[in-house]
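Hello,

Here is the structure we talked about. Please open it and follow along with the notes below.

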Amino acid sequence: MRSTLVSQFGDPRQVIALVEADRVAPGPGEVEVALSLASINPSDLIPVTGAYSARTTLPFVPGFEGFGTVTRVGTGVAALKPGDRVVPIGASGLWQEYLIRPAAWCFTLPDDIGETDAATCYVNPLTALQLIEALRAHFGSLDRRRIGVTAARSAIGGMLMKLLAGEGADATGIVRSERSADRLATEVPGRVVLGDEDRMPQLRLDAIIDAVGGPFAGDLILRTLEPGGAFIQYGALSGVPVPQAAIQTRPDIRFSFLWLRTWVHSAGRAAIEAAFARSFDGLRSGLFSGRIAEIYPLSQLDAALAHQADPRRDGKLLIDPRC
């Protein structure tokens, strides 16, 4: 079967190999899933670089998000049958033609969820929902709270802006280019600002939801956050941690991290099913639907990864493992 494999850490465009792998039968409690579409997310590529090498075992197949159809079931599996469409979660491995996964980590897709929505129903929607819950846990009501969202032009950034507006919050999308600011302002509620030194002193925020990290996030913490505020980091697109000096300078701020993987492995199936139900509702309403830039065959992975790295990319990229 067609697959990908990472045998050493490094630049994803250099170390993710296309390989032929053996197709094995599902064991007890497992199912085989023929994958239909998989997403390319930053969270797929960061482990490839070795950023999380302490908890990443080589070799591995990348890809955390996608969907497919159950083709075979192992003994003891009663809840799923061949033909069921599912979202397999809990580990990487979706950038291949067939996947073996415990049935307990497969979640059934409703019939009315289309293919591209099915391929993007997990990572961004569930992360966005948990970030809003984390803000509620800190503030209670978010009505009129001034919340900043970094990397707001990203797919999840747009989702967060819409969710915050629905909570009555005063949301501010923070972006790094005029092009992103102009496009975002036409797509989401709330205001949009450029994250530069001239504008930062004018911002007063109760909370920041950050996907960037590095000195940029540290500058936001020092310049914009009010006492008693919250800083929640869920990504590190810069590849650099938030400076400890910024954190230590603001003991009046609550700092926290939200990693979807950690939540998923501690929440329990009922909570995950409830989160998926909210994701599906958001996809039906358009709240969580995003722009798809292109779908690449798995055989053209090099082109897909080059497109992913292009700063002019406008939308999410998907991989079709079937070709």
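Start with two helices. Helix H4 (residues 123-139) packs against helix H5 (residues 155-166) at an angle of about 40°, and their axes are 9 Å apart. That angle makes H4 oblique to H5. The crossing of H4 past H5 is right-handed. Keep in mind that this is a predicted model.

Which residues make the contact? From H4 come Asn124, Pro125, Thr127, Ala128, Leu129, Leu131, Ile132 and Leu135. From H5 come Ala155, Ile156, Met159, Leu160, Leu163 and Leu164.

Now look at the aromatic rings. The structure holds five aromatic pairs. One of them joins Phe107 and Phe276. This pair is tilted, with 5.3 Å centre to centre and 35° between the planes. Phe107 lies in strand S7 (residues 106-108) and Phe276 in helix H10 (residues 269-285), so the pair ties together parts that are 169 residues apart in sequence. Are these two residues buried or exposed? Phe107 and Phe276 are both buried.

Phe276 also pairs with Phe280. Here the rings are stacked: 5.8 Å centre to centre, 20° between the planes. Both residues sit in helix H10, four residues apart, which is about one turn of the helix. Phe280 is buried, as is Phe276.

Finally, find the cluster. Ring pairs link Phe107, Tyr122, Phe276 and Phe280.

Best wishes

Definitions and conventions: Residues are numbered from 1 along each chain as its sequence is written. This is a predicted model: local features need pLDDT of at least 70, side-chain atom pairs count only at pLDDT 80 or more; totals for chains, interfaces and linings use all residues. Side-chain values use heavy atoms; hydrogens and water are left out. Axes are lines fitted to C-alpha atoms, for helices over the stretch in contact, and angles run from 0 to 180 degrees between N-to-C directions. Angles under 35 degrees count as roughly parallel, over 145 as roughly antiparallel, 65 to 115 as roughly perpendicular and the rest as oblique. A crossing is left-handed if the near helix is turned anticlockwise from the far one by less than a right angle, and right-handed if clockwise. Contact means heavy atoms within 4.5 Å. Rings of Phe, Tyr and Trp (its six-membered ring) pair if their centres lie within 6.5 Å; planes under 30 degrees apart count as stacked, over 60 as edge-to-face and the rest as tilted. Buried means under 20% relative accessible area, exposed over 50%, partly exposed in between (1.4 Å probe, protein chains only).
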